[in-house]
Every structure is written in structure tokens, then in C-alpha cells.
Amino acid sequence: MPFVTGEFEVAMKPESMSDVAAESGIGRMSLDKHYHGPLQAEGKGEMLAYMDRALGSGVYVAIERVTGTLDGRSGSFLLHHTGVMTRGSPGLTVAVAPDSGSEQLAGLSGSLHIRIEGGKHYYDFEYAL
């Protein structure tokens, strides 16, 4: 499987919730990402999250549409995120949604790992076409 790595920036903005969800303590954020390196793309998406700050436990889910080029192939695909923090111990899975690739990225599968080092965000993306 090909493996690529690069840097990205992310901006998150709080969004309003439905009346039902607003009572639950769940938060909603929009995602705006810019990927650099072998993945030259923009990611746009939404996240739902809950955090118990006193215990350091929480969860988030997100869906992100990534549009641009991957190793020179153009198209788009969806990433689905599942993050769980248990008393300060994080766990994160980010994977390509099945059959979500378009154009030259049709048939794409794989997983993306996020690293934060020195205040910068990096991705490690292992994929198959």
C-alpha cells in the first residue's frame, strides 16, 4: 500500500445545534482543513463532540469531504473520524468511507493517522486504489 505524509492546517468553528441536541451537552463544530504534500487538498466537514473535562473523558465523530489531488490523482473522498478519550488517554481512527472516492480517486480505501508535533498538524496516510 502506498504511504504518504505531510502537514495540514485546521480551523474549527462552533456551530449551532438543534433544540433537542442543545440540551444534551453535545457540541457541534465545522472543520476547514488545508492539506499539503502528496495530499494537496481541502477538507470540509462537521464534528459532534462531548467532553467531561473533570474526568478527561469524551468522544467525537466527524465526516469530512476531501477534495484535491493525492499523489497527482484528482478527485474527492470522505473521511470518517471516531475519537475516544478515556481519562486522558486518547484513541483516534480516521478512515476513508467505503466507495466515497470520485474521479481518479474512485475505489480509494485507507486510513489516515494524525500527529501533532511542535504545535503543527501532520498526516500519515496509507491508501490503496
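Rings of Phe, Tyr and Trp (its six-membered ring) pair if their centres lie within 6.5 Å; planes under 30 degrees apart count as stacked, over 60 as edge-to-face and the rest as tilted. A search of the whole structure finds four aromatic pairs. This is a predicted model, in which local features need pLDDT of at least 70, side-chain atom pairs count only at pLDDT 80 or more, and totals for chains, interfaces and linings use all residues. Residues are numbered from 1 along each chain as its sequence is written, and side-chain values use heavy atoms, with hydrogens and water left out.

**Confidence**

- pLDDT is the predictor's confidence in each residue, from 0 to 100.
- The protein chain has a mean pLDDT of 95, and 100% of its residues reach 70 or more.
- Helices (H or I, at least four residues) and strands (E, at least two) are DSSP runs, numbered from the N terminus.

**Aromatic rings**

- The ring centres of Tyr-35 and Tyr-123 are 5.7 Å apart and the planes stand at 75°, so this pair is edge-to-face.
- The pair links distant parts of the chain: Tyr-35 is in strand β2 and Tyr-123 in strand β8, 88 residues apart.
- Both Tyr-35 and Tyr-123 are buried, where buried means under 20% relative accessible area, exposed over 50%, and partly exposed in between (1.4 Å probe, protein chains only).
- Phe-125 and Tyr-127 have ring centres 5.6 Å apart and planes at 40°, so they form a tilted pair.
- Phe-125 is buried at 0% relative accessible area, and Tyr-127 is buried at 2%.
- Ring pairs also link Phe-8, Tyr-35 and Tyr-123 into a cluster.

**Nonpolar core**

- A nonpolar core is a set of buried Ala, Val, Leu, Ile, Met, Phe, Trp, Tyr and Cys residues joined through side-chain atoms within 4.5 Å.
- The largest core has 18 residues, and those touching the most other members include Tyr-35, Leu-70 and Phe-125.
- Strand β8 gives this core its largest share, three residues.
- Contact means heavy atoms within 4.5 Å.
- Beyond residues up to four places away in sequence, Leu-70 touches several residues, among them Val-4, Leu-39 and Phe-125.

**Strand pairing**

- Two strands pair if DSSP finds at least two bridges between them.
- β1 pairs with strand β2 (residues 27–35) in the antiparallel sense, over eight bridges.
- Pro-14 has Met-29 in β2 as its bridge partner.
- β2 and β3 also run antiparallel, joined by nine bridges.
- Three residues lie between the strands in the hairpin of β2 and β3, where Gly-37 takes a positive phi near 105°.

- Ser-57 sits in strand β4 (residues 57–70) and counts as buried at 18% relative accessibility.
- A polar atom of the Ser-57 side chain lies 2.7 Å from the backbone nitrogen of Arg-87.
- Ser-76 belongs to strand β5 and counts as buried at 10% relative accessibility.
- The side chains of Ser-76 and Arg-65 make a polar contact at 3.4 Å; such a contact is a pair of N or O atoms within 3.5 Å, and within protein one must be able to donate a hydrogen and the other to accept it, while residues adjacent in sequence count only if both atoms are side-chain atoms.
- Thr-82 is found in strand β5 and is partly exposed, with a relative accessible area of 37%.
- The C-alpha atoms of Thr-82 and Ser-57 are separated by 14 Å.
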